[in-house]
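This explanation is a short walk through one structure. Please keep the sequence and the 3D view at hand while reading.

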Amino acid sequence: MIRFENVTFSYADANYPILENVNLTIPSGELALVVGKTGSGKSTLLSLINGLVPNFTGGNFIGDVLVNDRSIRRYPPRDFADLVGIVRQDPRASFVTDVVEDELAYGMEQLGISPSTMRRRVEEVLDLLGLNELRNRSLTSLSGGQRQRVAIASVLTTNPKVLVLDEPTSALDPSAAEEVLAAIQRLVHDLGLTVVLAEHRLERVVQYADRVIVVNRDAEVYSDRPVQVFATSLLAPPVVELGRAAGWSPLPLTVRDARKFADELRNRLIKSKPRIRINPPTKTVVSIENLNFNYSNLRALRDININISDGEIVALMGRNGSGKSTLLSQLVGLISPTSGSVSVNGMNPTHMTGRELIANVGLVPQEPTDLLISDSVAKECIASDSDSGAIPGSTLNIFEQLATSVSEDAHPRDLSEGEKLSLALAVVLAAKPTLILLDEPTRGLDYIAKVQLVNNLQKLVKKNHTIILATHDVELAAEVATRVIMLAEGEIVTDGPATEVLSSSPMFSPQVSKIMSPANWLTVSDVSFALDELK
Amino acid sequence: MPSAPRRWHKPMFLVERRFLHSGAWWLWAILLAASAAGTTNPIFLISIIAVVLLVVKFRKSDAPWSKSIKGFLIVGFLIILIRLILVVITPDIFGNTLLFTLPEIALPSLFAGLKLGGEIKANTVYFAFKEGLRLATILICIGGAQSLASPARLLKTIPTALYEVGLAIIVALTFAPQLAFDAKRVREAQFLRGRKTSGIKALAKTFVPVLEGGMERALQLASAMDSRGYGRKVHLSQEKRVLSNFLMLAGLLGILFGFTGILGVFNLTNIGMVSLLIGLTISVLALRFAGKNASRTNYRPDKWHISEVLVVTASLLGLIAMRFSESLVLNPPTNPLMLPQVDFVTLFCIWLGILAIFVSPKPPLSNNLIEHVFVPTTKSGKQAA
């Protein structure tokens, strides 16, 4: 169905090719999972499938890509609209109209499909993806999972043979992600669609993949069956890591496969306990009392009471739109409570002056680049030093500790996701805030960048910073959090130690916990630490 | 047998919530803008602004694009302000009513014809105000259309043959609201870094990132549209494409020249009429020519119902009345200084524009309860230490 023939591509301003000599064949009806580090060229590979790269980006393109024997050299992307449906990382960026139903019809209108057929297909696709209740909704009013399903639906109406998805679940909470993946699987099974999907959160998608394409900057791009790839791959979901640590063979790819080995491992570890991760508290940093907050017509937060001490890493979890980001905004003084009080280090953040504020609390927003204002790393660091009144050079120093060698002249926009996050974190840390807030920090991070983030966070806590993360990433919460607070519709549902909360929730439990239950293990690193001690 | 008292029932076409045809709102607004272009009478102009604002108030939807009117109001106000400030450096041509005297700064001979400060005449100020107000009114009319008509629905009415033009228009339409969104984002970033979020310096610092963000989004939108098939099946050769674009441009220029002529800017009513007709003909031919090979269908298109006709008529009446109004009323004299006179028939006809509220259905609710933005509002005026 899709053929890459000797493809070499480099962007116009780059001095080395991002993809080199790629030869791939993706047969019809398969779900191909594209894995690779951030910045390895996954998105470029996906965009080549309908010719958006190089037609829209420019650059140096050698070789050819053929979809159903149609060449991207001969046809512009618009002539692939009936063949390839492409959904980008942020579906909002690909919406063209403003209402769900119109968005579904848009592609067909361009193809000149007759009004009666259009009407029928819109109804069919609405049913297929369970969107009928949303048909009149404005696109801006949708939740993350709904938005993703609408984006998929809107490219399905043209009856494409290939569906290309770039990180379809990275912004979604676990249940919304399952909703989307279930829909995708139905398309592969029922309609025989060929799906090419890139995703960092492998734990969510590996079980659906028929084939894995490994994109690696330093080596050739190749595709193979999942078991073969994950036997050696550096990037692997926790279940695979656990299998390697425990020496299981054949290597399990799904929680279900792994549970067959679990009894044996539980017996081996019967006398061991996970490491204790709670640091002894000395003083209260955050205190929230009876906090209520209303948007114009929505109660976003209700009766929130939280006390957080130093040395805690708190994971705020819950569905998209459950009030996590709003709570963070309250803590940093961007918005003030409708009623109740918020205090950080005994002061109200909305009353702090700029300098006071950043010395007490710092927020790394969902999109780390939002925080960055300069056009090079060096300038960004100088600006940050002067903002925070730190000794010149300190931001750069922190950044170099967080991220490995990055050119100082690089534009922050051109950094990899992990480097962007490190830079934003360095900017925040320059002012030495006691409280550090991170909004969805692992969006777009591969496993390696995530390990680096986890290490950095653990180092910070040892230096008496308090950290609050709003995240959908169960594995991250399992890895670092000492405490988990679950929000639903603006209310606190659960608040307790991470081990208890995460192992008892069906939706929010990490893979290791699912495999090892009823024993209380959350992460691969805990298990392998215990295994090492046994030796 | 006495008949039961007749009760007023809302006619069916007003009961059902739906979007009015975008073209109807744009026509309604353009006709009002045309009325505004033909007069400098502040009473007429303010009436037109009031009509636009009232209709927007009662007929805008809850979608994000409906909020754009605010921006236009601010820009309109700025235009008047700038025009008044410019009085200080324009030479006094007319008038004898002295308002006050500023200290005059002698300018080098290079700037002959300009002066800085000196006597400020009430007549000049009044003249400047009228001119500024007229421009502001036209802008607010456009803003009204922007807030009333969904840009996405407007987009549907653009012929496929005009791929490049259509793309430019769509990108421009989505640009403004996104700029506002980006501006908020950047201001929040500055806040999070402990910087000032108010003041001219802070504003200047938001400028570049906001423009950058806007450009990036525009590109994303364009590529998204392309991969969804926008502009497909236009298999025209390069020459034909250039020719049709040239024809279209010529047609539009003709229409533009025609309108300016008719509206009396150059006092060329007859030539204006002819030019308008020729322009229209060329445009239609160009569309026919280019659209021959383009096929594109419309999903549940907006239809032109009775409401649409009535809405357009409502603002057409004002424009017609103005053609019959006296020139002293339309353009009140600046010297001698006197209160503008009003012709009540014209004034009444302008206010008829407000009927648009009563003859059009309410827009549907889009359930815009939750907007997943990173933070809802920014406190302004917070100062850094």
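The model is predicted. In it, 58 residues of chain A are in contact with 48 residues of chain B. On the chain A side, the elements that give two or more residues are helix 3 (100-111), helix 4 (115-128), helix 11 (324-331), helix 12 (354-360) and helix 13 (377-388). Helix 3 of chain A gives the most, with eight residues. Sorted by class, the side of chain A that touches chain B has 27 nonpolar, 21 polar and 10 charged residues.

Next, the helix pair. The axes of helix 5 (residues 144-156) and helix 6 (residues 174-191), both of chain A, come within 8 Å and cross at roughly 15°. Angles under 35 degrees count as roughly parallel, and helix 5 and helix 6 of chain A are therefore roughly parallel to each other. Their crossing is right-handed. From helix 5 of chain A, Gly144(A), Gly145(A), Gln148(A), Arg149(A) and Ile152(A) meet Ala176(A), Glu179(A), Val180(A) and Ala183(A) of helix 6 of chain A. By class, this contact has four nonpolar, three polar and two charged residues.

Last, the sheet. Three strands of chain A form an open sheet in the order 12-11-14, with antiparallel pairing. Strand 12 (298-309) and strand 14 (339-344) of chain A are the edge strands, and each pairs on one side only. From one strand to the next, the twist averages 20°. Strand 11 (residues 284-295) of chain A is joined to strand 14 of chain A by five bridges, and these two strands run antiparallel. Glu289(A) has Ser341(A), in strand 14 of chain A, as its bridge partner.

Methods: Residues numbered from 1 in each chain as written. Chains lettered and ligands numbered in written order. Predicted model: local features only at pLDDT ≥ 70, side-chain atom pairs only at ≥ 80, totals over all residues. Axes fitted to C-alpha atoms, helices over the stretch in contact; angles between N-to-C directions. Helix = DSSP H or I, 4+ residues; strand = E, 2+ residues; numbered from the N terminus. Parallel < 35°, antiparallel > 145°, perpendicular 65-115°, else oblique. Left-handed = near helix turned anticlockwise from the far one by under 90°. Contact = placed C-beta atoms within 7 Å. Nonpolar A, V, L, I, M, F, W, Y, C, P; charged D, E, K, R; others polar. Pairing = 2+ DSSP bridges.
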